[in-house]
Protein chains: 2
Amino acid sequence: MPGQQLQTAAFEAFHGWLAQSYPLLHAGRSLAEIDEWTLLNLPVAEIVALRAAIETQLRAEPDRRRAARVAQAIRASRLETLGAVEFFRRHPGCEPPVVLAPVTAHYSWDKAMRLLGLGTDQLVPVACRGMRMDAAALEASLEQAAAQHRPILCVVGVLGTTEFGTFDPIHRIAAAREAWRRRGLDFALHVDAAWGGYLASIFRAPDGSLRPHQDVRRAFRYFPSREVYDAFAALDQADSITVDPHKLGYVPYGAGALVCRDHRLFDFVAQEAPYVFDEAPPANYRDKFHALGRYILEGSKSGASAAAVYVTHRTLPLDCDHFGRLQQETIRGAEYFFDRVQRLAEALADLAFVTLPFEPDSNLVCLAFNLRSNASLARMNAFTQRVLQHLKVDPTQPLQAKQFFGSSTRVSYEAIGLAEGRQLLLRLGVDPATFRPDPEEGGRDADSILVLRHTLMNPWLLARINDINYVDLYCAYLERLVRSEAQAGAAAPAARQLVA
Amino acid sequence: MPGQQLQTAAFEAFHGWLAQSYPLLHAGRSLAEIDEWTLLNLPVAEIVALRAAIETQLRAEPDRRRAARVAQAIRASRLETLGAVEFFRRHPGCEPPVVLAPVTAHYSWDKAMRLLGLGTDQLVPVACRGMRMDAAALEASLEQAAAQHRPILCVVGVLGTTEFGTFDPIHRIAAAREAWRRRGLDFALHVDAAWGGYLASIFRAPDGSLRPHQDVRRAFRYFPSREVYDAFAALDQADSITVDPHKLGYVPYGAGALVCRDHRLFDFVAQEAPYVFDEAPPANYRDKFHALGRYILEGSKSGASAAAVYVTHRTLPLDCDHFGRLQQETIRGAEYFFDRVQRLAEALADLAFVTLPFEPDSNLVCLAFNLRSNASLARMNAFTQRVLQHLKVDPTQPLQAKQFFGSSTRVSYEAIGLAEGRQLLLRLGVDPATFRPDPEEGGRDADSILVLRHTLMNPWLLARINDINYVDLYCAYLERLVRSEAQAGAAAPAARQLVA
């Protein structure tokens, strides 16, 4: 096609210009001589620097028409211009990239892979241990990608799964990157800290420095484990981090944060590539992001919640002496709950098994229980569901009629795996054989374990101010619920089906 | 690869199941016998019906494991699972689809093409006349797509460009589809009514029926033209329509509407394909969209603005007797402004040319002017820019220091084209030769025409209530601005450069 010839000619013009006016180098060799696999595995920092260097050169090019032609050639060659299909047709030696994320990753990762046209097949789930990314499994996935020459767009570490509150070992992902970089495989490290990002405040002194582990520990019984501490300490290795102010930032919905170590990363997603300008480049960071619509999905939106975040952070800076004190209280509440569950388990010991399915990493605690009389996972789930009914919003009743509201989550077979799932079910007195990936409908088996999920983000849960300890009240209520539902079930086994 | 073999086997299982239990037909022939080009050009309604039929069959399949296998095979074959690259590798006879949109389309279409991995090259710009999609140009684009066997994902009609307020002839797009459907080319019709969607209220009687053209006209001097009337009348042919409540719905930011003629279209983008369920299908529309997170980009968000939209529409239903009365006033304000500009042009006739670059379709009116002493487009733009400075928010000054706030837009060379651009510039006394796609920096030429842009969405602009006619005040102010800036420019020509 003539269009394509034109583009190729333009592309050659680009290469000619580059070679002549600005030979781009990687490890001392010209980029033009380097194979695509190596190019696909340049470190993020190097890619950002290359882009900035080209931009600077283009601005300095005295022949403005030539600069415009070169900029046009770059634009015409980009994935965003060509589309994925045409881009990979032109680079037949390259495979589409994959994203590595723990099996526990939020479902929005799935959504994003579909939306971007990458496809969910390219989201490689990395197995977990205790719902935390398993370093050995990550290593195996990296090994496989290297063997298949599949470029890795990024590895995602989750700093606080929204379902289980478990934290991935960010430091181990960073270490794996260091090691693999030497073997020619590289990737961006993204931390999904939507839930736990604000907890970083606890780890930071007012001067911004990282507090020693022992200092942080002093305020808690258990928190933070060495793994959790190291994960937070490694946040500075991430290329990008997402944080939700509407979660542990206590700010209403409407603001979200994508934090990049190098703000020039945003130039890659800017609506107009700032390669060629009639205008001068923005003088500073503030001016650049003033035109926010160039960098975000929405064009125009309310700034109210962004302003709320700004005011909150100015009022309570994100360190251990200010914002971190709120976070600290939530974790102390969770630690109290953790200990209190032991007493609940003892109180219900005649009737049921009660256990924490995973050791909590911070302020999100799950709880599982099963009647001693039952060995089927399906029936355990049905019983938990009945208890949950009492903790759910009922749109036909006034809110005040409920004593507590609770949420739940399902631990799927894929997420926990057979070995760990088996361990958990044995603790609950459930026959592990009833945990299967392909259960029959209405039978004894199930493919997930239903657990209660507690996000203890209220810093005033314990009896500090008004002499009401809500954790104690909740545990006592839960005990009554389990007993009354067990009685109701024993009295009228047929009714169980109606509810379940 | 074994994985692929497995998928192929599963896919054959799907075909086997289909053939055996539910032969899907198009025009009396089994889908399995129909070529891909024909499949890619099935009408939207037929595609939705096919999907629903498969779902119904899968629910009815007594062998539940078989149903699960078939559902899995469908999922594994989808574009969203495979990603664009692998999908088109498996369908080597298919080209990636294109989206046809007028050159005036909002820049978010560009953003969407990049985001979805389709690439901006696949956004085919359809030329306009008077900033409205040109039916002949659309015909040529359809012709080309048919000749190249490029499937058309959708044709976008803009019902109110946010820059110029011009309306695309939706009825002509619908007619083109009718005609091309008979020749085997089909596409979805999407209407981007972000700006103008609410104006539909004016065209609707309280019983929801379309009002006759003459009835609608009675309240106005010019509105609606036959073309505009027919465009609104054809809205029922659209497969999907986007509307922004925060524009002419007068509701704060935070709600957006994507309206589909058949709500089952949303199943195609649902997070989990509702093919296989342990649960029963949602009983009704309300229950289905209660789980809104399955269908939208965000997982959780504030419902406040959606509630505001609901309350607004309940209070003022979307018909000519209620919400439409607000809209009607905005158009009467715009018509008054339209006439008033004539007087402004006469008042400034000694000094400048003043003109409306396009005939307004509703309540968004642009204005262009040029000093009689100038024939260069670059200098005309610089002068307009100087006038605009007085209409812009100055963050260093109190808002009250400004008399009026105004916005502007640039009419690009690509959008208006040479012929129409020439006409407009001649009306402004500008040498059309100074309008070029590749102007030199700092010279006489420019690649766009800077115009003032007025969104007259305030229904109380005219002297109805408090005896203040804001349109008169604005026009008088604009006249003074043009005169004073012209004088300042004449007195100190060097200062011009500082400002421009």
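Which side chain meets that of Arg261(A) in a salt bridge? In this predicted model, the partner is Asp239(A), with an N to O distance of 3.5 Å. The pair links distant parts of the chain, 22 residues apart: Arg261(A) belongs to the loop between strand E10 (257-260) and helix H13 (285-290) of chain A, and Asp239(A) to the loop between helix H12 (226-233) and strand E9 (240-243) of chain A. Asp239(A) counts as buried because its relative accessibility, 6%, falls under the 20% limit.

A second salt bridge in chain A joins Arg78(A) to Glu80(A), and here the closest N and O atoms are 2.7 Å apart. The two partners fall on opposite sides of the 20% limit: Arg78(A) is buried at a relative accessible area of 13%, whereas Glu80(A), at 22%, is partly exposed.

Chain A contains 19 helices and 14 strands, and its C-alpha trace spans about 85 × 50 × 45 Å along the principal axes. Of the contacts in chain A between residues at least 6 apart in sequence, 69% join residues at least 24 apart. The chain exposes about 24,000 Å², with carbon and sulfur atoms supplying 55% of that area. Its 54 positive and 57 negative charges have mean positions 3 Å apart.

In chain B, Arg172(B) and Glu227(B) form a salt bridge whose closest N and O atoms are 2.5 Å apart.

Another position in chain B is Thr162(B), in the loop between strand E7 (152-158) and helix H8 (170-181). Thr162(B) is buried, with a relative accessible area of 14%. Leaving aside residues up to four places away in sequence, Thr162(B) touches His106(B), Trp195(B), Lys247(B), Leu364(B) and Arg453(B).

The discussion now turns to the interface. The size of an interface is often given as the accessible area lost when the parts come together. Chains A and B bury about 3,800 Å² between them, 43% of it on carbon and sulfur atoms. Contact involves 46 residues of chain B and 46 residues of chain A. There are 6 salt bridges between the chains; Arg65(B) forms a salt bridge with Asp438(A), with the closest N and O atoms 3.0 Å apart. Over all chains, the whole structure holds 56 salt bridges.

How values were computed
Residues are numbered from 1 along each chain as its sequence is written. Chains are lettered from A and ligands numbered from 1 in the order in which they are written. This is a predicted model: local features need pLDDT of at least 70, side-chain atom pairs count only at pLDDT 80 or more; totals for chains, interfaces and linings use all residues. Side-chain values use heavy atoms; hydrogens and water are left out. Helices (H or I, at least four residues) and strands (E, at least two) are DSSP runs, numbered from the N terminus. Contact means heavy atoms within 4.5 Å. Accessible areas come from the Shrake-Rupley method with a 1.4 Å probe; for residues, only the protein chains shown count as cover. Lys and Arg count as positive and Asp and Glu as negative; His and the chain ends are not counted. The place of a charge is taken as NZ of Lys, CZ of Arg, CG of Asp or CD of Glu. Buried area is the accessible area (1.4 Å probe) that two parts lose on being put together, summed over both. A salt bridge is a side-chain nitrogen of Lys or Arg within 4 Å of a carboxyl oxygen of Asp or Glu. Buried means under 20% relative accessible area, exposed over 50%, partly exposed in between (1.4 Å probe, protein chains only).
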